[in-house]
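Work through the exercises below with the sequence and the 3D structure side by side, and try each task before reading its solution.

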Amino acid sequence: MLITERDWKRGGERFAIPTIGEIQGRLVVSEVVALECLGALLASKQADTIRSVKKAVFVQLKKRCAPFALSKDEQEAAMGYARELFEAALAEARTPLAQPPGRSADG
């Protein structure tokens, strides 16, 4: 929504359309949060819970994609990305040298 009040703000706050950097930053945050949460879940080795969460993610993904009228290819790409995210988290959780979820090597 465009508002004139935005003209008086500093930096990126004054732009009606987010910059590529803002979009990339949000994507990075989403990916990091997702990988950390999935890593913790997958490290728990509770197969029923993992299957339940994975199913719920795909159900919600379909619901949230619906209003955007995505093409079949776009929907498949979104589902593929979600699968890749699960697989990356699973691989990370299975890595013996992996840091415990929520702990970084530098902090």
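**Exercise 1: the largest pocket**

In this predicted model, the lining of the largest pocket is made up, by class, of 10 nonpolar, two polar and two charged residues. Find the volume of this pocket, the residues closest to its centre and the elements that give two or more residues to its lining.

Solution. Begin with the volume of the largest pocket, which is about 460 Å³. Next, look towards the centre of the pocket, where Ala34, Val57, Leu61, Tyr81 and Leu85 are the closest of the 14 lining residues. Finally, turn to the elements: helix 1 (20-43), helix 2 and helix 3 each give two or more residues to the lining.

**Exercise 2: the aromatic pair**

Solution. Because Phe58 lies in helix 2 (residues 47-65) and Phe86 in helix 3 (residues 72-94), the pair ties together parts that are 28 residues apart in sequence.

**Exercise 3: around the two rings**

Decide whether Phe58 and Phe86 are buried or exposed, and find which charged end sits over the ring of Phe86.

Solution. The cut-off for buried is under 20% relative accessible area; Phe58, with 15%, is therefore buried, and Phe86, at 5%, counts as buried too. The charged end over the ring of Phe86 is that of Lys54, which sits 5.5 Å from the ring centre.

Notes
Residues are numbered from 1 along each chain as its sequence is written. This is a predicted model: local features need pLDDT of at least 70, side-chain atom pairs count only at pLDDT 80 or more; totals for chains, interfaces and linings use all residues. Side-chain values use heavy atoms; hydrogens and water are left out. Helices (H or I, at least four residues) and strands (E, at least two) are DSSP runs, numbered from the N terminus. Buried means under 20% relative accessible area, exposed over 50%, partly exposed in between (1.4 Å probe, protein chains only). A charge sits over a ring if NZ of Lys or CZ of Arg is within 6 Å of the ring centre and within 35 degrees of the ring normal. On a 1 Å grid over the protein atoms alone, a cavity is a set of points where a 1.4 Å probe fits but cannot get out, and a pocket is an open set with protein on both sides within 12 Å along at least five of seven lines; lining residues have an atom within 4 Å of a point. Grid points are joined across faces, edges and corners, and a volume is the space filled by probe spheres set on the points. Ala, Val, Leu, Ile, Met, Phe, Trp, Tyr, Cys and Pro count as nonpolar, Asp, Glu, Lys and Arg as charged, and the others, Gly among them, as polar.
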